[in-house]
Amino acid sequence: MRCRVLSLVLLPLAALFLMFTSCGEDGIDASVEMPLTEIATFEGNGEGRAVFSFRKVDDTPLVVLTADTGIDIDPERVPARMLIRYIPENGNAYESGPVRLLSASLINSSAVETVWKDGYDRWDRDGVYLYSMWRSGTYLNMHIRLTYSTEPRVFCLAADPATLHTSVPDLYLVHIMENTADNHDRAYYASFDMASVWNRKDVTAVRIHVANTNLDKHIFTFEKTSSLPAGGN
């Protein structure tokens, strides 16, 4: 399968919702609300208001946010993984409820490939500069840098079929550009749904292989801590 890396997202992830104090011209401190930034699933619009769901990390409780506005995207793309910036109306981070939506951008996302296709043996041909990787429910999320190109490229998370029926399947971040290029890099976010592998009864962990050009670490293991329903965000 060929995929285009379409979404360029340069915003950093905010780990916490913060309240800062600042000194105004009159010398009196005032509270300043700072927005949260999360990768979330856009579930659709309800009564003209966008609904998002996500887990902070691992198997933390599901958070459901209702925005103050709707989002107009192709219905065939819903549910969609998006990078959102928002301010909770109650001022509390990681709680379900209404939010003021500041921005929402589609990110690169797909389900894990369970069939090893022709060409995947070159999964590590084009390196990936990995900033961070974390699991939220059945999703594996990444903040990465890739060589910029307008040409098609293969970019997906693929499972080694020989390990699918083991307790620790091996998954590979496949990144193969159409043509090698000496272009500048750009930052992207990606989110892969591992449900078809993660939710298998005998699976206790998954091992992620990345042709990482940032630091000398290429294998990342995520262990199960609890069971989630299929598609458990």
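Residues are numbered from 1 along each chain as its sequence is written, and side-chain values use heavy atoms, with hydrogens and water left out. Because the model is predicted, local features need pLDDT of at least 70 and side-chain atom pairs count only at pLDDT 80 or more, while totals for chains, interfaces and linings use all residues.

Reader: Let's begin with the barrel: in what order do its five strands close?

Author: Happy to start there. Strands here are DSSP runs of E with at least two residues, numbered from the N terminus, and two of them pair if DSSP finds at least two bridges between them. The pairing is mixed, and the barrel order is 3-4-5-7-6.

Reader: Which residue in strand 7 is the bridge partner of Ile-87?

Author: Strand 6 covers residues 80–88 and strand 7 covers residues 97–106. The two run antiparallel and are joined by seven bridges. In strand 7, the partner of Ile-87 is Arg-100.

Reader: Is Phe-52 buried or exposed?

Author: Good one to check! Phe-52 belongs to strand 4, residues 49–55. Beyond its neighbours within four places in sequence, Phe-52 has contacts (heavy atoms within 4.5 Å) that include Phe-42, Val-63, Ile-84 and Leu-101. Buried means under 20% relative accessible area, exposed over 50% and partly exposed in between, with a 1.4 Å probe and protein chains only. The relative accessible area of Phe-52 is 0%, so this residue is buried.

Reader: What is the relative accessible area of His-143?

Author: His-143 sits in strand 10, residues 139–147. Not counting residues up to four places away in sequence, His-143 touches Tyr-129, Trp-134 and Tyr-188, among others. His-143 counts as buried because its relative accessible area is 14%.

Reader: Which residue of strand 14 stands opposite Tyr-172?

Author: Strand 14 spans residues 205–209, and four of its five residues are buried. With strand 12 (residues 170–177), strand 14 pairs in the parallel sense over three bridges. Opposite Tyr-172 stands His-209.

Reader: And in strand 15, what is the bridge partner of Val-206?

Author: Strand 15 takes in residues 219–223 and runs antiparallel to strand 14. Five bridges join these two strands. The bridge partner of Val-206 is Phe-222.
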